[in-house]
Amino acid sequence: MKLSKIKSYLLDLPVTERNSIISEIVKLSEVRTDIVCNFQKIRRDVLNNKQGECPHCQHTKYVKFGFKSGSQRYKCKSCNRSFTEYTGTWIAGLHHKDKIDDYLNLMVQEKSLDKIKVVLEINKKTAFDWRHKILSSISDIDDDEFTGITESDETFFLHSSKGIKVKNRNPRKRGGSSSKRGINKEHIAVIVTQDRKKNLDLSVATCGRLKKINIEKAIGNKISDHTILCTDGHVSYKGFAIDNKVEHHPLRSDLKQFVKNEVYHIQHVNSTHRRLKKWIDYKFWGVSTKYLQQYLNWYKLKETLKDKKYIAKSFAEKTIENLSYNFKYKNIEIEYQILISTQL
Ligand SMILES: [Zn+2]
């Protein structure tokens, strides 16, 4: 319908009806701005406000250096090399740069790769690669220490080779079950830790049973004198707490002890387990173990941003916080090989 037609239709309506339609349209446009972002502008603002660094040598002094194909160029005062808004980011070298803002919007809305493929007219492999470049660029390094009561517990995902052809085993349906009883190498342990101030850590830890060293690696650097650890009776957590001299309240589930002194429990963390599994199983129909940590980082970011007004913008900002995406992206395979080589 032409704009002039819509206008005349609106003008013909009684005032109250017209106003109510207009207010609905305003609401819609608010929803739209919630999910709009402009990656190039976000990055350019960071660099122009002298809050960025040279992507080649991390020096913080650089000057504007003209334009190149619609991009602002900068020149580093230390290494003398030039760069643009895109250099060092996950977008560097991508074709279809004009589609990245829409891609980020669709990703934040958790649209499927098939849907994105159709809307943006890109192939599915591109949609998949972009997703993992973006996830690799999300900083998973935060030094926030856990303070106060801190719940930690592991949950298990069955090993999945989704998207990869596997010999000697029929593909498992979503979720599925292990071919052996008990916890074994087909179970991928994920440690979830959270305090009651919304600090959250999600770490793919090992194949099979959890050991003290896995807990140390996942959360050892986030434990302090201010941490009060609350876990189940797992012996590895006891050892970890003793090693780190941290106050520890293990719950005796064998005695049906689910809450101790009214405050010590692991119900928040168990609720996170459930929501995380539901998200992985029903939003993505399961994910390949190789990419599991990437999705955990996405889930964590999603939790962090859920109260933000401009989620896509905040999401885009997070993807430029560290420029080491390329290292992480290329390391996915190596990390996976290390994981599956861990023994019971
Ligand atoms: Zn430099």
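The model is predicted: local features need pLDDT of at least 70, side-chain atom pairs count only at pLDDT 80 or more, and totals for chains, interfaces and linings use all residues. Residues are numbered from 1 along each chain as its sequence is written. Strands are DSSP runs (E, at least two residues), numbered from the N terminus, and two of them pair if DSSP finds at least two bridges between them.

**The open sheet 1-2-3**
- Three strands make up an open sheet in the order 1-2-3, with antiparallel pairing.
- Strand 1 (62-68) and strand 3 (82-84) are the edges; each has a single partner strand, so one side of each lacks a neighbour in the sheet.
- From one strand to the next, the twist averages 35 degrees (axes are lines fitted to C-alpha atoms, and angles run from 0 to 180 degrees between N-to-C directions).
- Strand 1 is joined to strand 2 (residues 71-76) by five bridges, and V63 has K75 in strand 2 as its bridge partner.

**Strand 4 and its partners**
- Strand 4 (residues 148-158) pairs with strand 7 (residues 227-232) in the parallel sense over four bridges, with I149 opposite I228.
- Strand 4 also pairs with strand 5 (residues 187-195), in the antiparallel sense over nine bridges; here T150 stands opposite D195.

**I191 in strand 5**
- I191, which lies in strand 5, counts as buried because it has 22 C-beta neighbours inside 10 Å (the cut-off for buried is 20 or more other C-beta atoms within 10 Å, with C-beta atoms placed from the backbone).
- I191 and A218 are 27 residues apart in sequence, with their C-alpha atoms 7.4 Å apart.

Notes. A residue is buried if 20 or more other C-beta atoms lie within 10 Å of its own, exposed if 12 or fewer, and partly exposed in between; C-beta atoms are placed from the backbone.
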